Amino acid sequence: MKHANDDINGPARSRQDPDLLRRLLRAKDRMDAASHEDWSVARLAQVSHVSEAHFARCFKDAFGVPPHRYLLTRRIERARALLRDTDLPILDIALRTGWNSLGTFGRTFRDITGESPGGMRVREQAAREAARRMPACYASAAHRPALTIAVSEKRRREADATKTAPSKPEVT
Amino acid sequence: MSQGVGVVGLYVRDQDEALEFYVGKLGFRVHTDVNGGGYRWLTVQHPEQPSFQLGLFKPQEPLLDAATVQAVREIVAKGAMPPLILDVADCRAAYEQLSARGVEFTQPPEERYGNVDANFRDPSGNGWKMIESRRGKH
């Protein structure tokens with residue numbers, strides 16, 4: 001039997017209670033305000049008054065990405081802003097934006113943006129003047145990385161692509 | 001001034017709650033509050049900006065169909081409506097005052113490029129940025 005929400009266009013997008021969404025937004029706001037902090041599902045679920053078991057699914061339904069991936073995009077966005085707008089050493093930026101080591105930061109940054117932190121700094125600082133006339137956080141948010149797949153999946157796909165690329169002879 | 005933008009509307013989940021927020025907490029004034037056939041036209045004004053009204057409207061039937069009402073309520077609650085900016089003379093003082101009144105700040109005052117700004121949301125989820133601009137000073 002057909003599900004009540006199905007129609008000729010396929011399953012209807014699941015509807016969510018606006019009051020629940022407002023509380024989920026609060027969890028998102030808290031990550032936005034302090035993306036360098038650790039945000040366990042337990043902590044986020046508490047902010048939203050949702051059970052831990054339901055939080056991640058509800059959040060993804062509402063905002064399109066799992067909460068931890070959303071947090072990663074905010075950290076990268078913030079790191080990018082610090083690379084562009086300050087002369088802080090890259091290690092400091094890594095620590096300030098929530099990473100424990102330069103290696104993890106650099107690798108994640110490259111996986112998500114396709115550029116090294118240092119490479120991006122040079123390029124962004126050149127483009128910095130142009131963004132000055134927009135409120136900073138909107139200019140920054142417009143460049144938030146779109147992390148539509150998990151970082152691990154992205155790494156795997158890139159590794160596969162390298163393996164199968166005919167132009168690169170395999171070195172063993 | 002005889003030409004220009006007169007009213008810009010926000011969608012809110014509850015007009016009484018919105019009135020309490022914009023008037024009771026932010027210090028706006030009621031401009032128009034009238035009921036007609038189950039529809040409430042509610043606009044408020046910043047006390048220093050008499051030529052502009054902020055509408056506090058509820059997405060409702062029959063102006064919108066039921067599915068659209070639900071979609072709009074979801075969008076507002078997810079904070080996906082466009083940015084709103086409130087100019088203030090002193091962002092840190094306004095932050096202290098509004099925090100004490102229970103305004104939900106999502107970012108405390110921060111200085112960037114010489115401007116101080118803070119973020120807050122109304123009860124429905126509409127996001128405001130409160131900016132103290134040097135351009136406003138001399």
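**Exercise 1. In this predicted model, which residues does Met130(B) touch, leaving aside residues up to four places away in sequence?**

Step 1. Several partners are listed in the stretch from Leu86(B) onward: Met130(B) touches Leu86(B), Val88(B), Cys91(B), Ala94(B), Tyr95(B) and Leu98(B).

Step 2. The largest nonpolar core has 25 residues, and Met130(B) is listed with Tyr22(B), Leu56(B) and Phe120(B) as having the most contacts inside it.

Step 3. At least two residues each come from helix H1 (15-25), strand E3 (39-45), strand E4 (53-57), strand E5 (84-87), helix H3 (91-100), strand E7 (115-121) and strand E8 (127-132) of chain B.

Step 4. A second, separate one of 21 residues includes Leu21(A), Leu24(A), Met31(A) and Cys58(A).

**Exercise 2. Describe H1(B): which of its residues are buried, and what caps its N-terminal end?**

Step 1. The buried residues in H1(B) are Gln15(B), Ala18(B), Leu19(B), Phe21(B), Tyr22(B) and Lys25(B).

Step 2. To read such a list, recall a general point: an α-helix has 3.6 residues a turn, so residues three or four places apart point the same way.

Step 3. At the N-terminal end, the cap is Asp14(B), with a side-chain oxygen 2.9 Å from the backbone nitrogen of Asp16(B).

Step 4. Just after the helix comes Gly27(B), with a positive phi of about 90°.

**Exercise 3. Is Arg40(B) buried or exposed, and which side chains make polar contacts with the side chain of Arg40(B)?**

Solution. Take location, accessibility and partners in turn.

Step 1. Arg40(B) sits in strand E3 of chain B.

Step 2. Its relative accessibility is 14%, so Arg40(B) counts as buried; the cut-off for that class is under 20%.

Step 3. One polar contact runs to the side chain of Asp16(B), at 2.8 Å. Another, of 2.9 Å, joins Arg40(B) to the side chain of Asp33(B).

Step 4. Complete the surroundings: apart from residues up to four places away in sequence, Arg40(B) touches Gln15(B), Asp16(B), Leu19(B), Asp33(B), Val34(B), Asn35(B) and Phe57(B).

**Exercise 4. Where is Arg22(A) placed, and which residues does Arg22(A) touch?**

Solution. Here is a chance to cross from one chain to the other.

Step 1. Arg22(A) belongs to helix H1 (residues 18-33) of chain A.

Step 2. With a relative accessible area of 1%, Arg22(A) is buried.

Step 3. Not counting residues up to four places away in sequence, Arg22(A) touches Arg13(B), Ala77(B), Glu104(B), Arg121(B), Asp122(B), Pro123(B), Ser124(B) and Gly125(B).

Step 4. Among these, Glu104(B) also makes a side-chain polar contact with the side chain of Arg22(A), at 2.9 Å.

**Exercise 5. How do H1(A) and H4(A) cross, and which residues make the contact?**

Solution. Begin with the geometry, then move to the residues.

Step 1. The axes of H1(A) and helix H4 (residues 67-85) of chain A come within 10 Å and cross at roughly 35°.

Step 2. The handedness of this crossing is right-handed.

Step 3. From H1(A), the contact uses Lys28(A), Met31(A) and Asp32(A); from H4(A), it uses Pro67(A), Tyr70(A), Leu71(A) and Arg74(A).

Step 4. Sorted by class, that contact holds four nonpolar, no polar and three charged residues.

Notes. Residues numbered from 1 in each chain as written. Chains lettered and ligands numbered in written order. Predicted model: local features only at pLDDT ≥ 70, side-chain atom pairs only at ≥ 80, totals over all residues. Heavy atoms only, no water. Helix = DSSP H or I, 4+ residues; strand = E, 2+ residues; numbered from the N terminus. Buried < 20%, exposed > 50% of the residue type's maximum accessible area, 1.4 Å probe, protein only. Polar contact = N/O pair within 3.5 Å; in protein donor to acceptor, adjacent residues only side chain to side chain. Contact = heavy atoms within 4.5 Å. Core = buried A, V, L, I, M, F, W, Y, C linked by side-chain atoms within 4.5 Å. Axes fitted to C-alpha atoms, helices over the stretch in contact; angles between N-to-C directions. Left-handed = near helix turned anticlockwise from the far one by under 90°. Nonpolar A, V, L, I, M, F, W, Y, C, P; charged D, E, K, R; others polar.
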